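Subject: Structure handover

Hello,

Here is the structure for your work. My notes follow below it.

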Amino acid sequence: MILPRERLLELFQAYPRDRRYALPLLQDIQKQCGYLPKEHIIEAAGYLGVPLSRIYAMATYYRSFSLEPRGKYVIKVCDGTACHIKDSKNVLETLKGLLCVGVGGMDKDGLFSVETVNCLGACALAPVMMIGEEYFGKLTEESITEILEGFRKREAVVAGI
Amino acid sequence: MNIQIDGKTCIAEPGESILETARRNNIDIPSLCHHEALPGLACCRLCVVEIEDATGNRLVVASCVYPVAESVTVYTNTEKIKKHRRTNLTLLAGHVPEVKGVLLAYCREYGVIRDDSHMKAVVKEKCILCGLCVTACEALGNSAIQMAMRGIDRVVAPPFNEPSLNCIGCASCARVCPTDAIDCESVSGNRKIWGKTFSLVKCAACGEPYATVDELDWLKGKLLDTELNLAYCPNCRRRVSVNTGK
Ligand code: SF4
Ligand code: SF4
Ligand code: FES
Ligand code: FES
C-alpha cells in the first residue's frame, strides 16, 4: 500500500533531517505499508538528505525489510537447526501446495506471504512457524491446513461475509 | 619518530599507518583494498605484517590501518606473513573465477594457483567486495553505488539496480577496482558504466576522449575557479596553462 503524500510527510516529520534517523523512519514506513515501496525510499532519502544508494543499501541489508509487497499475514517458517531436522522443508512444501507460493512470495489474494527465518527461539516445538505475532508449533500437514483455514475464516468475519 | 621496518630505520609521521610509512621508505607491502587517497577499509588482509613490541611479543596486524608507534619493530616478509598472504590470496582468488587486475599480479607473485577442487567460485563473479569503488564514489561526493544485500547475495550496486541519477560516468570506481570487476566500455564516443551511457568529450588539443559530458557539467558546478579550462584533458591543460601563463 502506497501512502498518500500527507501521511508520508507526517511520518517524516516525527524525525529530524539526519542520517541517523534513517532506520527508524524505514521501520515506520514498513509498518504502515507492510513493505518499503520504492517511491517512499526515494522520498525518505531526499527528506533525510542521505544518498539514495545508502538508504537502498540499508533497506536491502535488514531481513525485516521487504522491497516487495507482502501479504496481510506474513508467515515466518523456521528453518533453524532444530526445525530443519524436524523437516521444515515439508512445512514449506505444504504451504506451497496450499497457497501456490514459494519462499518470498505472496498469495494471489494478498492475504499471506511466506518467508523463512533462522530459529524462532521455540525449538522444543519444532517445526515452528509464526503468523503475525502468533506461534504455531509441532506442525503437520493437517495442522497447517487448519491454521490457514482459521485465518481465512477470521478474515471473512472481519469482511462481514 | 623513528621505527624499524625490516631492519631499516624509517621516519614515520605520527598518526600514519605502518603501510604508509613503509611505502614512503621504499619498502613494499602488498595491498588490495588500500588507496592512498581513500580511508582504509581493511578487508583484504593482504597487507598483514608482524609487529614486535618492546617485550618481544609478536602480533600479526593489518598494516594499512595499524597506526605507527615508536616502540614497535615491523617485519613485512617473514615466512609466517607469506603463508598468511598465500592463504588470503587463495581465498580471494577462489571467490572469483576469472582472476584479473592487481589480484592476478599478486597471485603470480605469491605462486597462488586457483584450485577448483576445494572451492567453487561464484559464477561470473569478479568482485571481491573490497569496497574501494564505493568509497571512491563517496569521496567524490556522488555516492551513486553502495554495497547492497547481505551475506552471499552481497553486491556493489546502484539503488534498485537501476541506472543512478547520481552517477556522472567518471569511471573512478572502475579505476580503483583491484580486480577489474566493474564493466566500463568506451565505444564510438560513448562510455557505458553501471547500465548508463554517457557521451565522451574529446580534448580540444590532442583529440583523446578524456571525460563525460555529465562529469564536466558536474565539475563546472563544483569549481570556483572558472579559469580552469575544461576543454582540454588534464595533460594538455597543464601544457596550455604553462604556455599561456594561465
Ligand atoms: S562512474 Fe558513477 S558510480 Fe563510478 S565513481 Fe563515477 S559517479 Fe560513481
Ligand atoms: S567492484 Fe572492485 S572495487 Fe568495488 S568492491 Fe568489488 S572488487 Fe572492490
Ligand atoms: S530452530 Fe526453529 S525455533 Fe529454533
Ligand atoms: S590493504 Fe590492508 S586490509 Fe586490504
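Helices α6(A) and α7(A) are oblique to each other, because angles that are not roughly parallel, antiparallel or perpendicular count as oblique. Please keep in mind throughout that this is a predicted model. The axes of α6 (residues 88-99) and α7 (residues 141-159) of chain A cross at roughly 45° and come within 10 Å. The crossing in which α6(A) passes α7(A) is right-handed. On the α6(A) side the contact is made by A:V91, A:T94, A:L95 and A:L98; α7(A) supplies A:E141, A:I144, A:T145 and A:L148. By class, the residues of this contact are five nonpolar, two polar and one charged.

**Sheet in chain B**

Chain B has an open sheet of four strands, in the order β8-β9-β10-β11, with antiparallel pairing. Its edge strands are β8 (184-187) and β11 (209-212) of chain B, each of which pairs on one side only. On average, and with direction ignored, neighbouring strands of the sheet are turned by 35° against each other.

Going through the sheet pair by pair:

- β8(B) and β9(B) (residues 190-193) run antiparallel and are joined by four bridges. B:E185 has B:K192 of β9(B) as its bridge partner.
- β9(B) and β10(B) (residues 196-202) also pair in the antiparallel sense, over four bridges. Here B:K196 in β10(B) stands opposite B:I193.
- β10(B) and β11(B) pair in the antiparallel sense over three bridges. B:V201 stands opposite B:A211 of β11(B). This hairpin has six residues between the strands, and B:G207 takes a positive phi near 80°.

Which residues come nearest to ligand 1? Of the 14 residues around the ligand, they are B:C137, B:A144, B:C167, B:C170 and B:C173. Two elements of chain B, α4 (132-139) and α5 (172-176), are those that give two or more residues to this shell. The shell has 11 nonpolar and three polar residues, and no charged ones.

Regards

Key. Residues are numbered from 1 along each chain as its sequence is written. Chains are lettered from A and ligands numbered from 1 in the order in which they are written. This is a predicted model: local features need pLDDT of at least 70, side-chain atom pairs count only at pLDDT 80 or more; totals for chains, interfaces and linings use all residues. A residue is near a molecule or strand if its C-beta atom, placed from the backbone, lies within 6 Å of it. Ala, Val, Leu, Ile, Met, Phe, Trp, Tyr, Cys and Pro count as nonpolar, Asp, Glu, Lys and Arg as charged, and the others, Gly among them, as polar. Axes are lines fitted to C-alpha atoms, for helices over the stretch in contact, and angles run from 0 to 180 degrees between N-to-C directions. Angles under 35 degrees count as roughly parallel, over 145 as roughly antiparallel, 65 to 115 as roughly perpendicular and the rest as oblique. A crossing is left-handed if the near helix is turned anticlockwise from the far one by less than a right angle, and right-handed if clockwise. Two residues are in contact if their C-beta atoms, placed from the backbone, lie within 7 Å. Two strands pair if DSSP finds at least two bridges between them.
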